[in-house]
Amino acid sequence: PSGPDQSRIVLRANADAWMQVKDKSGTILLNKVLKAGEVWPVPPRSGLSLTTGNAAGTEVYVDGVVTASLGGAGVVRRDLPLEPDLAKDGKLGAAAPRATQ
């Protein structure tokens, strides 16, 4: 079990992916390209959101379990709420835009 000071959410790149995490006031906590295999533990606080430039290259883990895919390769996803219960329930991936042909 995680304590109150432990991150429940971890971002992991399975391919190079630009990621930005910010709080509700707009303060940026992470703004970089994570290389394949890199991880970033999300601080355990509410009101954080994720933007990624490569949805397929971005994995979100909650309590050690990977959540639903955020979308396809190269798909940009903006302002996804980094709330453990939403992510765990697959709500982040459920809103993934469909590729148009």
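Which side chain does a polar contact of 2.7 Å join to that of Asp23? I looked this up in the model, which is a predicted one, and found that the partner is Ser25.

I then placed Asp23 in its setting: this residue lies in the loop between strand 2 (17-22) and strand 3 (28-34). A polar atom of the Asp23 side chain also lies 2.9 Å from the backbone nitrogen of Thr27. Leaving aside residues up to four places away in sequence, I noted that Asp23 touches Arg45, Gly47 and Leu48.

Next I went to the fold as a whole. The protein has two helices and eight strands, and along the sequence these follow the pattern β-β-β-β-β-β-β-β-α-α. I recorded that 36% of the 101 residues count as buried, and that the accessible surface comes to about 5700 Å², with 53% of it belonging to carbon and sulfur atoms. Among contacts between residues at least 6 apart in sequence, 55% join residues at least 24 apart.

My last entry concerns Arg77, which is found in strand 8 (residues 77-81). Arg77 is buried yet has no salt bridge, and the nearest side chain of opposite charge, that of Asp79, is 10 Å away. What I did find for Arg77 is a polar atom of its side chain 2.6 Å from the backbone oxygen of Leu70.

Definitions and conventions. Residues are numbered from 1 along each chain as its sequence is written. This is a predicted model: local features need pLDDT of at least 70, side-chain atom pairs count only at pLDDT 80 or more; totals for chains, interfaces and linings use all residues. Side-chain values use heavy atoms; hydrogens and water are left out. Helices (H or I, at least four residues) and strands (E, at least two) are DSSP runs, numbered from the N terminus. Buried means under 20% relative accessible area, exposed over 50%, partly exposed in between (1.4 Å probe, protein chains only). Contact means heavy atoms within 4.5 Å. Accessible areas come from the Shrake-Rupley method with a 1.4 Å probe; for residues, only the protein chains shown count as cover. Lys and Arg count as positive and Asp and Glu as negative; His and the chain ends are not counted. A salt bridge is a side-chain nitrogen of Lys or Arg within 4 Å of a carboxyl oxygen of Asp or Glu. A polar contact is a pair of N or O atoms within 3.5 Å; within protein, one must be able to donate a hydrogen and the other to accept it, and residues adjacent in sequence count only if both atoms are side-chain atoms.
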